[in-house]
Amino acid sequence: MTTKQQNADDATRLPLAGLRIIDISNVFSLPYAGGLLADLGAEVIKIEGPGRLDISRGGVFSGVYPENEPSEDPWNRTSTFNLLNRGKKSLALDLRRHEGREVLRDLIRVSDVLTENFTPRVMRGWELDYPHAHKLNHNIIMVSCSGYGPHGPYAQYPAQATTQEATHGLAHVTGYRGDVPSKAGQSFVDFLATWALVMGTTLALRYRNRFGKGLWVDVAMYQLGCYMVADRILDWEANKRLGERIGNRHPWLAPQGCYRCAGDDAWCVVSVHDDEEWAALCRVIGREELARDARFASNDARMRNHDAIDPIIGAWTEKFSKTEAMERLQTAGVRAGAVFNARDMHLDPHAKARGLLETVEFPPERGIGKRVIIGRPWKLSGTPLATRGPAPTLGQHNREILQDILGYDDARYSEMEKSGIIGSRPTAARPILRMSMEERVRQGRLAYWDQDYKERLGIQD
Amino acid sequence: MVLPAVLDDLLVLDLGRGIAGPLCARLLGDYGADVIKVEPPGGECGRRMPPFFQDDPYPEKSLFFLLANLNKRGVALDLERKEGAALLRRLARTADVIIESFPPGYLASLGLDHATLAQDNPGLVMTSITPFGQTGPYSQYKGDEIVAYATGGIMAISGTADREPLQHGGFPAEYEAAMNGMLATNVALLTRDMNGVGQHVDVSVQDVVTSSLVINQPYYSFAGGVQGRRRAEGSSFGHVMPCKDGFFVTQEGGGVTWDGIADFFGRPELKEQRFADPTQRIANGHALDAIIMDATKDRTMAEMFKTASEQYRMLFGIVQTPEDLATCAQLEARGFYADVEHPVIGRIRVPFRLWNMSIGGATYHRPAPLLGQHNVEVLVNIGCSTAELATLHARGIIGGAGGA
């Protein structure tokens, strides 16, 4: 092959093409990282126990089934699982048994990256932590994600994002002004971990390319969460200030807030950063005299008189829809943003133009059809990326992995199937939430639901 | 022996402003890249961001600037003057990566966009981190933290249903955008290592925020469900609850059964079906809250955190303050802080390490640069004579304490 052809081939190659990643992941953080690594071209093998399915295959974190219908194989149908695990292969392997771990050892020998998010003592107990994995494969990159890290006083504490959001300091600074601490969003620190896990994996791959050595990436969610309040920690270090909850206001700029618009649960945020933007805001809302009002003449004055400004902005925003308020303000150079909900993020023209959400088509026998899922928040001009297929059914690739990759013969494969070391049906099912959409709305789990969402999304069968 | 660092073969120019762009460039510096911050002669806006050391708003005392600009050298250069732009073009010829956060189209107007700079340097990677990305109808809209939270979809489900949507405290969207900028830069570098070709990376802060909504988003595309904010009353379990000296959060899951949770609180009545069954729990939220708050009114955060985590293996969190984090033994064990010696601020502990690696991990090298501190060494290195530098300085094209 000529160099020119080689270059042309390389240019269209996905960045992680040819790499094999073992993904022993659960819940959100690491499964999502594995899904992104699959988008980037890696062969990602997700391992779950037939008796220990990923939590996102059922129960409170699993989202919802297609058409809210669990069907015959609910564990393969949950929305969250199918978003996070797109483009992967599935091996259902019982790692609690010695024979299962022998399979994992064989896989480590022929893989590039091993990722896992057990509590730290688990892999250590199985002698599959980094020092042991390294013995099996000197070039292996291991990527671990845990709540607090493998060492230190909290190392063995159970952890999940909801409770860590308090412990890592975010809840202390989140809440309505002057009110109690609050949780915000959903499982926030999990996604910090997702980004860190992909950052760490890509750095480690470059390290191995340059220096010929694998290494261990050790991500602790708590540490990442604490980093997100680094500026507050510095304020304490330097000024002994604990910070306070200020709701939707800005810590040092004014005015800023979330204002009611015309429509049901419709809101628009507005944030003014300087005098020029204040004058622009006053023009847009038809109150130009306020730009000359001494009470609001400087940022300091606006900070002091914030309470007087809020009703003035609110009186204007309530006359417009949230998107119209945003457009009028932004067109005049004032920072503003409509509060978008899940419907908006699918249908808003900017979201559509950006194409963050991607449509995945499931094979007909899965009975899921076409679904829209989150892609990636970055675009590379020379490397078009897309999700590379739906998430697998449980154990879908057992045979391919054990026979084609590891070369096990038919007899050995059948024996493992018979003894339940591998499987394609769960031996311990995840809970199924059977609750109508109407009941979900009644209980406040949902604000509302669109019966015609498929038409709106253009994903009819 | 000094171990090689994974990015120590790279020259990075940081044209970022504020938090996300500069922090992204700093992360590259943490892994060995030579990062040169290029800011206007008056200093970038990040230098004017609180908090300040001892609350003194002197530009070299912004703690936010310090945090986002460790491990960099700095030049102060006016890109809007043609001599300044020419110097940047010269710097860009040998650069591997440029990080920037200007409004889309601004760099093109100065002839400093990726397409132009890549003509002389085809391996150049440019990463742009902007509020709404490089394309789409909102690409020229201005953004900030709360705008990202609103348009990203997370505010709609944060706070309570009886009140307005609520943003997170602090600047997590900016931090997250920085992480995604570095991640995508790494990907572009892996590609360049294969084919020698750089590319333009487009990171949208709005898209970053939306990308964390992995329950919320497909709830719609799988069944049409739109989540809102939780009800203010009757569903505090799984949310922040008060105790003797502060607040805690607990949740089902971890290594404990529901009965175990009832035992931790010392209230056997919690084992009743109306609480034990998650589908009935919300409807009985008032009674549940009352029992738990009564059981915890005399217990401390520290005691409950330890007991719940160690003896009951519960998922349990306590609302820690910045002071708690500054003195946290777990963060100490992780090597979270860097001891920074800054020429104006003095010695200060700065949160530094985001995660750990067995080799090649983040390393602290130098404090944030003073304005224009490295003008001479950087510009002489690309062939500027002392006489040229003096002229540029006199004309205000380069500036800052470093002078010429």
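Ile47(A) has Leu91(A) as its bridge partner in β3(A). This contact belongs to a parallel pairing: 4 bridges join β2(A) to strand β3 (residues 89-92) of chain A. Two strands count as paired if DSSP finds at least two bridges between them. Helices (H or I, at least four residues) and strands (E, at least two) are DSSP runs, numbered from the N terminus. Between β2(A) and β3(A) the chain passes through helix α3 (residues 79-84) of chain A, a right-handed β-α-β crossover. Right-handed means that, with the strands pointing away from the viewer, the path from the first strand over the helix to the second runs clockwise.

The model is predicted: local features need pLDDT of at least 70, side-chain atom pairs count only at pLDDT 80 or more, and totals for chains, interfaces and linings use all residues. Residues are numbered from 1 along each chain as its sequence is written, while chains are lettered from A and ligands numbered from 1 in the order in which they are written.

Now take β1(A). Strand β1 (residues 20-24) of chain A pairs with β2(A) in the parallel sense, over 4 bridges. Asp23(A) stands opposite Lys46(A) there. With helix α2 (residues 29-39) of chain A, β1(A) and β2(A) make a right-handed β-α-β unit.

How many residues of strand β2 (residues 43-48) of chain A are buried? The count is 6 of the 6, so the strand is largely enclosed by the rest of the structure. Buried means that 20 or more other C-beta atoms, placed from the backbone, lie within 10 Å of the residue's own. Glu43(A), Ile45(A) and Ile47(A) are buried on one side, and Val44(A), Lys46(A) and Glu48(A) on the other.

How values were computed: Buried ≥ 20, exposed ≤ 12 C-beta atoms within 10 Å, placed from the backbone.
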